[in-house]
Amino acid sequence: MIITGKYPNLRLRRNRKADWSRRLTQESSLSSNDLILPIFIVDGKKKKQKIKNMPEVYRYSIDNIPLILDKALNYKIPMVAIFPYTNPKLKNNSGSEALNENNLVCRAIRYIKKKYKNKIGIMCDVALDPYTSHGHDGLIKKNEILNDETVEVLVKQSLLQAEMGCDVIAPSDMMDGRIGKIRKALDKKNYKNVQILSYAVKYASSFYGPFREAVGSKGMLKGDKKTYQMDYRNGIEALREVSLDIKEGADMVMVKPGLPYLDIIKMVKENFKIPVFAYQVSGEYSLLMNGIKKGIINENCVIESLTAFKRAGANAIVTYYADKVAKLIK
Ligand code: PBG
(Lines give C-alpha, C1' and ligand atoms only; values in the text may rest on other atoms or scores of the structure.)
Protein backbone atom coordinates (compact mmCIF):
# COMPACT_ATOMS: atom_id res chain seq x y z
CA MET A 1 0.00 0.00 0.00
CA ILE A 2 1.23 3.49 -0.84
CA ILE A 3 -0.83 5.58 1.62
CA THR A 4 1.75 7.18 3.87
CA GLY A 5 -0.16 9.38 6.30
CA LYS A 6 -2.98 8.93 8.71
CA TYR A 7 -5.96 10.97 9.86
CA PRO A 8 -6.09 13.83 10.81
CA ASN A 9 -2.84 14.67 8.95
CA LEU A 10 -4.14 12.86 5.95
CA ARG A 11 -7.56 13.93 4.74
CA LEU A 12 -8.42 12.42 1.39
CA ARG A 13 -11.32 14.84 1.02
CA ARG A 14 -8.87 17.75 0.70
CA ASN A 15 -8.10 17.05 -2.96
CA ARG A 16 -11.80 16.82 -3.68
CA LYS A 17 -12.64 20.27 -2.30
CA ALA A 18 -13.21 22.01 -5.63
CA ASP A 19 -13.83 21.19 -9.24
CA TRP A 20 -10.41 22.51 -10.32
CA SER A 21 -8.70 20.34 -7.74
CA ARG A 22 -10.66 17.26 -8.74
CA ARG A 23 -9.69 17.88 -12.35
CA LEU A 24 -6.07 18.26 -11.35
CA THR A 25 -5.94 14.97 -9.48
CA GLN A 26 -8.07 12.84 -11.77
CA GLU A 27 -6.61 9.48 -12.79
CA SER A 28 -8.53 9.00 -16.02
CA SER A 29 -10.61 11.06 -18.36
CA LEU A 30 -12.82 10.71 -21.37
CA SER A 31 -12.33 12.62 -24.60
CA SER A 32 -13.69 12.31 -28.11
CA ASN A 33 -10.40 10.60 -29.05
CA ASP A 34 -11.61 7.62 -27.05
CA LEU A 35 -14.77 7.03 -29.05
CA ILE A 36 -15.60 4.87 -32.05
CA LEU A 37 -19.01 5.42 -33.64
CA PRO A 38 -20.90 2.50 -35.24
CA ILE A 39 -22.98 3.39 -38.30
CA PHE A 40 -25.73 1.15 -39.68
CA ILE A 41 -26.18 1.28 -43.45
CA VAL A 42 -29.29 0.36 -45.44
CA ASP A 43 -30.10 0.23 -49.15
CA GLY A 44 -32.10 2.95 -50.82
CA LYS A 45 -32.04 6.71 -51.08
CA LYS A 46 -32.54 9.47 -48.50
CA LYS A 47 -33.20 6.98 -45.71
CA LYS A 48 -32.87 7.48 -41.99
CA GLN A 49 -34.66 4.55 -40.39
CA LYS A 50 -35.46 4.06 -36.76
CA ILE A 51 -34.25 0.92 -35.03
CA LYS A 52 -36.53 -0.79 -32.57
CA ASN A 53 -35.15 -0.65 -29.02
CA MET A 54 -32.26 1.64 -29.98
CA PRO A 55 -33.74 5.11 -29.60
CA GLU A 56 -31.82 7.81 -31.48
CA VAL A 57 -29.78 5.31 -33.48
CA TYR A 58 -30.66 5.03 -37.17
CA ARG A 59 -29.90 3.13 -40.32
CA TYR A 60 -28.72 5.48 -43.05
CA SER A 61 -28.72 5.02 -46.80
CA ILE A 62 -25.33 5.72 -48.34
CA ASP A 63 -26.29 9.15 -49.68
CA ASN A 64 -27.33 10.08 -46.14
CA ILE A 65 -24.08 9.02 -44.49
CA PRO A 66 -22.97 12.67 -44.13
CA LEU A 67 -25.88 13.24 -41.72
CA ILE A 68 -24.02 11.21 -39.15
CA LEU A 69 -20.45 11.28 -40.40
CA ASP A 70 -20.19 15.07 -40.43
CA LYS A 71 -21.07 14.98 -36.74
CA ALA A 72 -18.35 12.45 -36.02
CA LEU A 73 -15.85 14.59 -37.89
CA ASN A 74 -16.96 17.75 -36.21
CA TYR A 75 -16.54 16.20 -32.76
CA LYS A 76 -13.14 14.74 -33.70
CA ILE A 77 -14.21 11.12 -33.30
CA PRO A 78 -11.27 9.21 -34.82
CA MET A 79 -13.07 6.24 -36.36
CA VAL A 80 -16.43 4.88 -37.46
CA ALA A 81 -17.49 1.23 -37.69
CA ILE A 82 -19.72 0.24 -40.59
CA PHE A 83 -22.51 -2.33 -40.20
CA PRO A 84 -24.89 -3.33 -43.00
CA TYR A 85 -28.59 -4.13 -42.87
CA THR A 86 -28.66 -6.64 -45.69
CA ASN A 87 -31.83 -7.17 -47.67
CA PRO A 88 -33.13 -10.62 -46.60
CA LYS A 89 -33.43 -11.61 -50.28
CA LEU A 90 -29.64 -11.31 -50.58
CA LYS A 91 -28.98 -13.63 -47.66
CA ASN A 92 -28.19 -17.29 -48.18
CA ASN A 93 -26.66 -20.29 -46.49
CA SER A 94 -23.07 -19.34 -47.34
CA GLY A 95 -23.43 -15.58 -46.89
CA SER A 96 -22.06 -15.02 -50.39
CA GLU A 97 -23.13 -11.36 -50.37
CA ALA A 98 -20.15 -10.77 -48.05
CA LEU A 99 -17.88 -11.19 -51.07
CA ASN A 100 -19.85 -8.96 -53.45
CA GLU A 101 -17.76 -5.89 -54.21
CA ASN A 102 -20.94 -3.90 -54.57
CA ASN A 103 -22.47 -4.90 -51.26
CA LEU A 104 -23.50 -2.17 -48.84
CA VAL A 105 -20.29 -2.15 -46.83
CA CYS A 106 -18.09 -1.94 -49.92
CA ARG A 107 -20.13 0.90 -51.38
CA ALA A 108 -20.13 2.72 -48.05
CA ILE A 109 -16.33 2.44 -47.72
CA ARG A 110 -15.81 3.77 -51.24
CA TYR A 111 -18.24 6.63 -50.62
CA ILE A 112 -16.62 7.66 -47.34
CA LYS A 113 -13.05 7.38 -48.61
CA LYS A 114 -13.89 9.43 -51.70
CA LYS A 115 -15.65 12.16 -49.77
CA TYR A 116 -13.66 12.26 -46.51
CA LYS A 117 -10.25 10.95 -47.62
CA ASN A 118 -8.16 10.09 -44.59
CA LYS A 119 -9.83 12.50 -42.17
CA ILE A 120 -11.55 9.68 -40.32
CA GLY A 121 -10.75 5.99 -39.95
CA ILE A 122 -13.06 3.24 -41.12
CA MET A 123 -13.35 -0.06 -39.35
CA CYS A 124 -15.31 -3.02 -40.72
CA ASP A 125 -16.43 -6.22 -39.09
CA VAL A 126 -15.26 -9.44 -40.62
CA ALA A 127 -17.94 -12.09 -40.05
CA LEU A 128 -20.73 -13.59 -42.10
CA ASP A 129 -23.74 -12.99 -39.86
CA PRO A 130 -25.13 -9.94 -41.69
CA TYR A 131 -25.24 -12.09 -44.84
CA THR A 132 -26.25 -15.61 -43.82
CA SER A 133 -29.82 -16.89 -43.86
CA HIS A 134 -29.14 -18.69 -40.55
CA GLY A 135 -27.62 -15.65 -38.82
CA HIS A 136 -24.39 -17.36 -37.81
CA ASP A 137 -20.93 -15.81 -38.27
CA GLY A 138 -19.62 -18.73 -40.27
CA LEU A 139 -20.45 -21.54 -42.69
CA ILE A 140 -22.70 -24.20 -41.29
CA LYS A 141 -22.90 -27.92 -41.89
CA LYS A 142 -25.25 -30.22 -39.99
CA ASN A 143 -25.64 -27.60 -37.24
CA GLU A 144 -21.88 -27.21 -36.87
CA ILE A 145 -20.21 -23.86 -37.54
CA LEU A 146 -17.19 -24.86 -39.60
CA ASN A 147 -13.94 -23.23 -38.54
CA ASP A 148 -11.30 -23.65 -41.24
CA GLU A 149 -13.74 -23.40 -44.14
CA THR A 150 -15.12 -20.17 -42.66
CA VAL A 151 -11.63 -18.72 -42.24
CA GLU A 152 -11.05 -19.12 -45.99
CA VAL A 153 -14.10 -16.93 -46.66
CA LEU A 154 -13.15 -14.41 -43.97
CA VAL A 155 -9.74 -13.98 -45.61
CA LYS A 156 -11.50 -13.08 -48.87
CA GLN A 157 -13.88 -10.73 -47.07
CA SER A 158 -10.93 -8.99 -45.41
CA LEU A 159 -9.03 -8.59 -48.67
CA LEU A 160 -12.11 -7.15 -50.35
CA GLN A 161 -12.67 -4.60 -47.59
CA ALA A 162 -8.98 -3.62 -47.65
CA GLU A 163 -9.16 -3.20 -51.41
CA MET A 164 -12.17 -0.88 -50.99
CA GLY A 165 -10.16 1.30 -48.61
CA CYS A 166 -11.04 0.00 -45.16
CA ASP A 167 -8.38 1.11 -42.65
CA VAL A 168 -9.02 -1.34 -39.82
CA ILE A 169 -10.12 -4.92 -40.35
CA ALA A 170 -12.05 -6.17 -37.35
CA PRO A 171 -12.74 -9.90 -37.30
CA SER A 172 -15.66 -10.44 -34.93
CA ASP A 173 -16.37 -14.04 -35.84
CA MET A 174 -14.33 -15.90 -33.16
CA MET A 175 -13.04 -18.58 -35.55
CA ASP A 176 -9.67 -20.00 -34.50
CA GLY A 177 -6.62 -19.01 -36.53
CA ARG A 178 -8.21 -16.29 -38.61
CA ILE A 179 -5.94 -13.41 -37.56
CA GLY A 180 -2.81 -15.13 -38.83
CA LYS A 181 -4.41 -16.12 -42.11
CA ILE A 182 -5.84 -12.64 -42.66
CA ARG A 183 -2.53 -10.91 -41.79
CA LYS A 184 -0.64 -13.14 -44.20
CA ALA A 185 -3.09 -12.55 -47.04
CA LEU A 186 -3.12 -8.77 -46.47
CA ASP A 187 0.68 -8.61 -46.51
CA LYS A 188 0.89 -10.73 -49.63
CA LYS A 189 -1.36 -8.24 -51.45
CA ASN A 190 0.74 -5.40 -50.06
CA TYR A 191 -1.90 -4.12 -47.60
CA LYS A 192 0.87 -3.93 -45.03
CA ASN A 193 -0.56 -0.86 -43.33
CA VAL A 194 -4.08 -2.13 -42.95
CA GLN A 195 -4.51 -2.67 -39.21
CA ILE A 196 -6.21 -5.62 -37.58
CA LEU A 197 -8.42 -5.02 -34.57
CA SER A 198 -9.26 -8.49 -33.36
CA TYR A 199 -12.44 -9.07 -31.42
CA ALA A 200 -10.21 -11.46 -29.49
CA VAL A 201 -12.47 -11.65 -26.46
CA LYS A 202 -16.04 -11.83 -27.58
CA TYR A 203 -18.52 -13.49 -25.29
CA ALA A 204 -21.70 -15.30 -26.24
CA SER A 205 -23.91 -12.62 -24.76
CA SER A 206 -27.56 -11.81 -24.36
CA PHE A 207 -26.68 -8.12 -24.62
CA TYR A 208 -26.48 -8.24 -28.44
CA GLY A 209 -30.24 -8.36 -29.00
CA PRO A 210 -30.92 -4.87 -30.35
CA PHE A 211 -27.90 -5.08 -32.71
CA ARG A 212 -29.27 -8.22 -34.30
CA GLU A 213 -32.49 -6.35 -34.87
CA ALA A 214 -30.50 -3.46 -36.38
CA VAL A 215 -28.71 -5.66 -38.93
CA GLY A 216 -31.77 -7.82 -39.50
CA SER A 217 -30.35 -11.11 -38.25
CA LYS A 218 -32.57 -11.41 -35.20
CA GLY A 219 -35.42 -13.59 -36.41
CA MET A 220 -33.01 -15.58 -38.54
CA LEU A 221 -30.56 -16.80 -35.92
CA LYS A 222 -30.87 -20.54 -35.42
CA GLY A 223 -29.73 -21.58 -31.96
CA ASP A 224 -26.98 -19.62 -30.23
CA LYS A 225 -23.31 -18.77 -30.78
CA LYS A 226 -21.89 -20.65 -27.81
CA THR A 227 -19.72 -23.04 -29.84
CA TYR A 228 -17.55 -20.18 -31.04
CA GLN A 229 -18.07 -17.12 -28.83
CA MET A 230 -16.68 -17.32 -25.30
CA ASP A 231 -18.44 -18.54 -22.18
CA TYR A 232 -19.12 -15.59 -19.88
CA ARG A 233 -18.03 -17.60 -16.87
CA ASN A 234 -14.44 -17.53 -18.11
CA GLY A 235 -11.73 -14.93 -17.57
CA ILE A 236 -8.37 -16.71 -17.84
CA GLU A 237 -9.39 -18.06 -21.22
CA ALA A 238 -9.56 -14.46 -22.46
CA LEU A 239 -5.80 -14.20 -21.92
CA ARG A 240 -5.26 -17.29 -24.07
CA GLU A 241 -7.40 -15.78 -26.84
CA VAL A 242 -5.50 -12.49 -26.72
CA SER A 243 -2.05 -14.05 -26.63
CA LEU A 244 -2.93 -16.18 -29.63
CA ASP A 245 -4.18 -13.21 -31.63
CA ILE A 246 -1.16 -11.07 -30.79
CA LYS A 247 1.15 -13.82 -32.00
CA GLU A 248 -0.90 -14.05 -35.18
CA GLY A 249 -0.52 -10.33 -35.86
CA ALA A 250 -3.34 -8.39 -34.19
CA ASP A 251 -2.50 -4.69 -33.76
CA MET A 252 -5.29 -4.10 -31.24
CA VAL A 253 -7.76 -6.29 -29.40
CA MET A 254 -11.36 -5.87 -28.40
CA VAL A 255 -13.25 -7.01 -25.34
CA LYS A 256 -16.99 -7.34 -25.83
CA PRO A 257 -19.54 -6.70 -24.28
CA GLY A 258 -18.37 -3.79 -22.16
CA LEU A 259 -19.51 -2.86 -18.68
CA PRO A 260 -20.05 -6.38 -17.28
CA TYR A 261 -16.52 -7.22 -18.47
CA LEU A 262 -14.37 -4.47 -16.97
CA ASP A 263 -12.35 -7.10 -15.09
CA ILE A 264 -11.39 -8.65 -18.41
CA ILE A 265 -10.35 -5.30 -19.91
CA LYS A 266 -8.13 -4.65 -16.92
CA MET A 267 -6.61 -8.09 -16.99
CA VAL A 268 -5.86 -7.94 -20.71
CA LYS A 269 -4.30 -4.49 -20.41
CA GLU A 270 -2.14 -5.43 -17.46
CA ASN A 271 -0.92 -8.62 -19.08
CA PHE A 272 -0.27 -7.49 -22.62
CA LYS A 273 0.30 -3.71 -22.71
CA ILE A 274 -1.28 -3.37 -26.13
CA PRO A 275 -4.14 -1.18 -27.31
CA VAL A 276 -7.32 -2.62 -25.84
CA PHE A 277 -10.70 -1.55 -27.07
CA ALA A 278 -14.05 -2.15 -25.45
CA TYR A 279 -17.45 -2.46 -27.05
CA GLN A 280 -20.38 -1.00 -25.16
CA VAL A 281 -22.89 -3.17 -26.99
CA SER A 282 -26.42 -2.56 -28.12
CA GLY A 283 -28.12 -4.04 -25.04
CA GLU A 284 -26.06 -1.78 -22.78
CA TYR A 285 -26.97 1.19 -24.92
CA SER A 286 -30.66 0.37 -24.82
CA LEU A 287 -30.71 -0.10 -21.07
CA LEU A 288 -29.08 3.26 -20.44
CA MET A 289 -31.11 5.03 -23.09
CA ASN A 290 -34.42 3.67 -21.84
CA GLY A 291 -33.50 4.73 -18.32
CA ILE A 292 -32.71 8.22 -19.54
CA LYS A 293 -35.86 8.44 -21.65
CA LYS A 294 -37.97 7.45 -18.67
CA GLY A 295 -36.17 9.95 -16.44
CA ILE A 296 -34.93 7.23 -14.09
CA ILE A 297 -31.29 8.22 -14.66
CA ASN A 298 -29.66 11.10 -16.52
CA GLU A 299 -27.03 11.46 -19.22
CA ASN A 300 -24.21 11.65 -16.70
CA CYS A 301 -24.62 7.90 -16.30
CA VAL A 302 -23.33 7.52 -19.84
CA ILE A 303 -20.20 9.55 -19.17
CA GLU A 304 -19.69 7.67 -15.92
CA SER A 305 -19.96 4.31 -17.68
CA LEU A 306 -17.63 5.30 -20.51
CA THR A 307 -15.07 6.75 -18.10
CA ALA A 308 -15.18 3.45 -16.19
CA PHE A 309 -13.91 1.75 -19.36
CA LYS A 310 -10.99 4.18 -19.42
CA ARG A 311 -10.24 3.59 -15.76
CA ALA A 312 -10.18 -0.16 -16.40
CA GLY A 313 -7.57 0.35 -19.12
CA ALA A 314 -9.45 0.65 -22.40
CA ASN A 315 -7.85 2.87 -25.05
CA ALA A 316 -11.12 3.49 -26.82
CA ILE A 317 -14.73 2.41 -26.69
CA VAL A 318 -17.07 1.47 -29.49
CA THR A 319 -20.36 3.05 -28.46
CA TYR A 320 -23.65 4.09 -30.00
CA TYR A 321 -23.35 7.13 -27.73
CA ALA A 322 -20.14 8.34 -29.41
CA ASP A 323 -21.66 11.33 -31.23
CA LYS A 324 -23.98 12.24 -28.35
CA VAL A 325 -21.27 12.01 -25.69
CA ALA A 326 -18.67 13.83 -27.79
CA LYS A 327 -21.14 16.69 -27.99
CA LEU A 328 -21.78 16.59 -24.24
CA ILE A 329 -18.13 16.66 -23.22
CA LYS A 330 -17.01 19.18 -25.82
C1 PBG B 1 -21.42 -9.79 -35.49
C2 PBG B 1 -21.50 -8.76 -34.45
C3 PBG B 1 -22.36 -8.71 -33.35
C4 PBG B 1 -22.14 -7.50 -32.72
C5 PBG B 1 -21.12 -6.84 -33.43
N6 PBG B 1 -20.72 -7.65 -34.49
C7 PBG B 1 -23.46 -9.61 -32.91
C8 PBG B 1 -23.23 -11.03 -32.68
O9 PBG B 1 -22.11 -11.51 -32.56
O10 PBG B 1 -24.24 -11.71 -32.65
C11 PBG B 1 -22.89 -7.00 -31.52
C12 PBG B 1 -22.84 -5.56 -31.29
C13 PBG B 1 -23.86 -5.01 -30.38
O14 PBG B 1 -24.67 -5.74 -29.76
O15 PBG B 1 -23.88 -3.79 -30.26
N16 PBG B 1 -20.43 -10.70 -35.50
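1. The buried residues of helix H9 are covered by elements that include helix H6 (209-214), strand E11 (276-280), helix H10 (300-312) and helix H11 (322-329). Here helices (H or I, at least four residues) and strands (E, at least two) are DSSP runs, numbered from the N terminus, and contact means heavy atoms within 4.5 Å. The model is a predicted one, in which local features need pLDDT of at least 70 and side-chain atom pairs count only at pLDDT 80 or more, while totals for chains, interfaces and linings use all residues. Residues are numbered from 1 along each chain as its sequence is written, and side-chain values use heavy atoms, with hydrogens and water left out.

2. Helix H9 itself is mostly covered, since nine of its twelve residues are buried; a residue is called buried under 20% relative accessible area, exposed over 50%, and partly exposed in between (1.4 Å probe, protein chains only). The buried residues of H9 are Ser282, Gly283, Glu284, Tyr285, Ser286, Leu288, Met289, Gly291 and Ile292. Just after H9, Gly295 takes a positive phi of about 80 degrees.

3. Two packed helices are described by the angle between their axes and the distance between the axes. For helix H8 (residues 262-272) and H10, the axes come within 8 Å and cross at roughly 30 degrees, where axes are lines fitted to C-alpha atoms, for helices over the stretch in contact, and angles run from 0 to 180 degrees between N-to-C directions. H8 and H10 are therefore roughly parallel to each other, because angles under 35 degrees count as roughly parallel, over 145 as roughly antiparallel, 65 to 115 as roughly perpendicular and the rest as oblique. On the H8 side the contact is made by Leu262, Ile265 and Lys266, and on the H10 side by Ala308, Phe309, Arg311 and Ala312. By class, this contact has five nonpolar, no polar and two charged residues; Ala, Val, Leu, Ile, Met, Phe, Trp, Tyr, Cys and Pro count as nonpolar, Asp, Glu, Lys and Arg as charged, and the others, Gly among them, as polar.

4. Arg178 is found in helix H5 (residues 178-188), and with a relative accessible area of 1% this arginine is buried. Not counting residues up to four places away in sequence, Arg178 touches Val151, Leu154, Pro171, Ser172, Asp173, Ser198, Tyr199, Asp245 and Glu248.

5. Ser217 lies in the loop between H6 and helix H7 (236-248) and counts as buried at 2% relative accessibility. If its neighbours within four places in sequence are left aside, Ser217 is in contact with Lys91, Asp129 and Arg212. Lys327, by contrast, has its place in helix H11 and counts as exposed, at 56% relative accessibility.

6. For the whole protein, there are eleven helices and twelve strands, and 54% of the 330 residues count as buried. With 330 residues, a compact globule would have a radius of gyration near 20 Å, and the protein has 20 Å, which agrees; the radius is taken over C-alpha atoms, and the globule rule is 2.2 Å times the number of residues to the power 0.38. Among contacts between residues at least 6 apart in sequence, 75% join residues at least 24 apart.
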